[in-house]
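Visitor: I would like to go through a protein model with you, one question at a time. Could you show it to me, please?

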Amino acid sequence: MLNVRKSNERGGASFGWLNSQHSFSFGHYHDPKHMGFGPLRVINDDHVEAGRGFDSHGHRNMEIISYVLEGALAHKDSMGNGSVLRYGDVQVMSAGTGVVHSEFNGSKTEGVHFLQIWIEPNEIGAEPRYEEKHFDTASKTGKLRVVASNDGRDGSVSIRQDASIHAGIFNGADGATHALADGRQAYVHVIRGQITVNGVALGGGDALRITGEPAVTLGQAEAAEVLVFDLPQ
């Protein structure tokens, strides 16, 4: 089964300094038909203006992943971590029993664009932990590169869930196939560009839920960047 969610169907929030598109119910946006997909709970497409950001706030029992697309994202947390993330960087904060953090645009002159992703953990009350890694453009071009997984395979960041996130950059004749094992489903989020997924043409901000299919097949791309989530049903 294939279920399309177009970019303009997403929820949204605008606070002047923040423009955010919500793939799933979040904050003041609530849609009972879009509460998540398997353990995938949040994909927020955030644009934050120069010098602004999210003040210190707490989380617990959630895998929080940031995928930076443009600009500089400055992070600080109660575990003592502090860094500035840029394009190609993937950060995971496994909140566990509780962590406080802040996220700010690290530039005083340019905006920052990033995806914040929440995945529900399969372990409650674990010790909080933090990890970040850089994945260069070449490693994702013309293929799907695992950037997050439950076992940190192939140099990916580790998350506390039987799930994986794969990033790819495709253009022209580029394509890739990701097999889905029995009992698995996929969520494809198109970050930008145009691409065909399992025969469905998608554009930037569009998404496709895939259930009961043997694979995710991507092709016919034009300057596309995508995330493929392999999830338990």
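**Contacts, burial and the pocket**

Guide: As a starting point in this predicted model, Ile-169 touches Tyr-87, Thr-137, Lys-140, Thr-141, Gly-142, Lys-143, Asp-174, Ala-224 and Glu-225, when residues up to four places away in sequence are not counted.

Visitor: Is Ile-169 buried or exposed?
Guide: Ile-169 belongs to strand S15, which covers residues 164-172. The limit for burial is a relative accessible area under 20%, and because Ile-169 has 17% relative accessibility, it counts as buried.

Visitor: Is Gln-185 buried or exposed?
Guide: Gln-185 is found in strand S17, residues 184-197, and, leaving aside neighbours within four places in sequence, it is in contact with residues including Phe-37, Gly-38, Leu-180, Ile-210 and Phe-229. Its C-alpha atom is separated by 9.9 Å from that of Ala-163, 22 residues away along the chain. Since the relative accessibility of Gln-185 is 7%, it counts as buried.

Visitor: Which residues does Val-200 touch, not counting those up to four places away in sequence?
Guide: Val-200 has its place in strand S18, residues 200-203, and with 19% relative accessibility it counts as buried. Between the C-alpha atoms of Val-200 and Asn-44, which are 156 residues apart along the chain, the separation is 23 Å. With residues up to four places away in sequence left out, Val-200 touches Leu-2, Val-4, Ile-195 and Leu-208.

Visitor: In which strand does Gln-220 lie?
Guide: Gln-220 also has a positive phi, near 50°, in a residue other than glycine. With a relative accessible area of 64%, Gln-220 is exposed. The element that holds Gln-220, spanning residues 215-232, is strand S20.

Visitor: Which residues are the closest to the centre of the largest pocket?
Guide: The largest pocket holds about 290 Å³ of space. Its lining consists of 18 residues, and the closest to the centre are Leu-18, His-22, Phe-26, Asn-44 and Phe-54.

Visitor: Which strands each supply at least two residues of the lining of the largest pocket?
Guide: By class, this lining has seven nonpolar, nine polar and two charged residues. The strands that each supply at least two residues of the lining are S2 (11-14), S3 (18-22), S4 (40-48), S5 (53-59) and S11 (112-119).

Visitor: Why is the protein described as being as compact as a globular protein of that length?
Guide: The protein has one helix and 20 strands. Its radius of gyration is close to the value that the globule rule gives for 233 residues, so the protein is as compact as a globular protein of that length, both values being 17 Å.

Visitor: What percentage of the contacts with a separation of 6 or more comes from residues 24 or more positions apart?
Guide: Along its principal axes, the C-alpha trace of the protein spans about 45 × 40 × 35 Å, and buried residues make up 55% of the 233 residues. Among the contacts with a separation of 6 or more, the share from residues 24 or more positions apart is 70%.

Visitor: What share of the accessible surface belongs to carbon and sulfur atoms?
Guide: The accessible surface of the protein comes to about 9900 Å². Of that surface, the share belonging to carbon and sulfur atoms is 48%.

How values were computed
Residues numbered from 1 in each chain as written. Predicted model: local features only at pLDDT ≥ 70, side-chain atom pairs only at ≥ 80, totals over all residues. Heavy atoms only, no water. 1 Å grid on protein atoms, 1.4 Å probe; cavity = no way out; pocket = protein on both sides within 12 Å on 5 of 7 lines; lining within 4 Å. Points joined across faces, edges and corners; volume = space filled by probe spheres on them. Helix = DSSP H or I, 4+ residues; strand = E, 2+ residues; numbered from the N terminus. Nonpolar A, V, L, I, M, F, W, Y, C, P; charged D, E, K, R; others polar. Rg over C-alpha atoms; globule rule 2.2 N^0.38 Å. Buried < 20%, exposed > 50% of the residue type's maximum accessible area, 1.4 Å probe, protein only. Contact = heavy atoms within 4.5 Å. Areas by Shrake-Rupley, 256 points an atom, 1.4 Å probe, with all protein chains shown as cover.
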